[in-house]
Amino acid sequence: MTGKTGNAVLADRMNAAGLMQHELAARLNEHIERLTGRPGTLQDRHIRNYLTGRTRWPHSRQRQALEAEFGCTTEELGFVPRQGSSSAAARATPEDSVERRAFTTRAAVVAAGVVLPAARNSIGFSDVRRIDQALDALYQEENRLGGTSRIEAQFLGWMNHSLSLLNSGRASARVRSLLYATAANAASTAAWAALDSHHQQRAAQHLERAVTLAGLSGDPEAVHRAWNNVAMLAGQRGRPIEALHAAQAARDSGMARRDPLYASHAHVRIALSHARIRDKQAALRALGHAEDALARTDPAHRPTWLAYYDRAELHGLAGIVHQRLDRPEQAEARTHQALARLSPELTRNRVYYTAQLALAQLNQDDIEAACATADRALTTAGTAPGSHRISSLLDDFRRRLTTHPSSLAREWLQHTTVKETAE
């Protein structure tokens, strides 16, 4: 609770989200501007005042921005209403109530296209459906454009909202399980958004929460998703054995036995992990299992969060497997197939696999084709927000190209450097 020792609740929420003071100030300003039409003016010192307890009860718009950011009430963030205003109804003027309702509605539309349900004594399946609808809208946005700090924060907001429902009313055992599952899924995807922007520490914090919540839910799909993202984080951190074991845990979660789509998803992650440690036979065997399982799936029935995982995605991931196994010709062929089949709206994935194709061509010393492909990746990346994973991939292409003695390589590097400097 806020007091002389400070607001420990808000500090914990910020730590869980991996937010520094200036980052939270920037996000709150974005909420204020996006949802009221007027730019916010919060700075580091305002957040510091929140944390030290100097500001025990922020101004109305600051409270509304905090609630939109964290998905819970101001009191639940550790702030204490002024004396005589212990409830939202008591402290709100008619004008403030109208503004709050309008702000909350706009916040929900921006976050997910739905309005958050009011707190009640009884929590039911309709509450779970509302959260699922919200998460589906965010999954679609993330699939198109990639992970951003804004999307990451919105998923965390829905995780917190799911948990607040668990703590605010009565629910059946089945509804409790579903709410824990939605919270776990939101945390898993927040971790993926952090991974996509290379914020590994934040991703690790979100995934620790996701694994715990998935375990509490008893839902094999939530467990599958959490372990899948743990595998990706371990891979980014250069821990291939940990990545392999996490991928195997996803395979063994139960969903892979129930649904060949999840089996394929787990097997391709296992193939990527084996390829990272250069176990060629195991990698190709797992890749074969992934392809066989995907051939048995029903394309008409797949969850929104896995909508991206289709034949095109499997070709793209297979290209990465071959790339890691030093098989650039096979990598190029599979990546070409991925790009030919990829849905037009998946801009992030198109840029990513185009950059992978450039690397495969460079690994075959086809400098002219590699530079032309990298140009396409840079052009496409300029049409939509890109992820740090893609930036790192293109940086890797540049580093490798600098070691090539050809004049074409030097010209391309000079051309792109001049272009980026001009922009």
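Q: How many helices and strands make up the secondary structure of the chain?
A: The chain has 21 helices and 0 strands, where helices (H or I, at least four residues) and strands (E, at least two) are DSSP runs numbered from the N terminus. This is a predicted model, in which local features need pLDDT of at least 70, side-chain atom pairs count only at pLDDT 80 or more, and totals for chains, interfaces and linings use all residues. Residues are numbered from 1 along each chain as its sequence is written, and side-chain values use heavy atoms, leaving out hydrogens and water.

Q: Why is helix H8 said to be largely enclosed by the rest of the structure?
A: Buried means under 20% relative accessible area, exposed over 50%, and partly exposed in between (1.4 Å probe, protein chains only). In H8, 16 of the 20 residues are buried, so the helix is largely enclosed. For the chain, 53% of the 423 residues count as buried.

Q: What makes Asp127 and Arg130 a salt bridge?
A: The term requires a side-chain nitrogen of Lys or Arg within 4 Å of a carboxyl oxygen of Asp or Glu. Here the closest N and O atoms are 3.5 Å apart. Asp127 is buried, at 0% relative accessible area, whereas Arg130, at 30%, is partly exposed.

Q: What links Asp396, Arg399 and Arg400?
A: A network of salt bridges links them: Asp396 pairs with Arg399 at 3.8 Å, N to O, and with Arg400 at 3.2 Å.

Q: Why is Arg399 called exposed?
A: Its relative accessibility is 51%, so Arg399 counts as exposed. Arg400, at 35%, is partly exposed.
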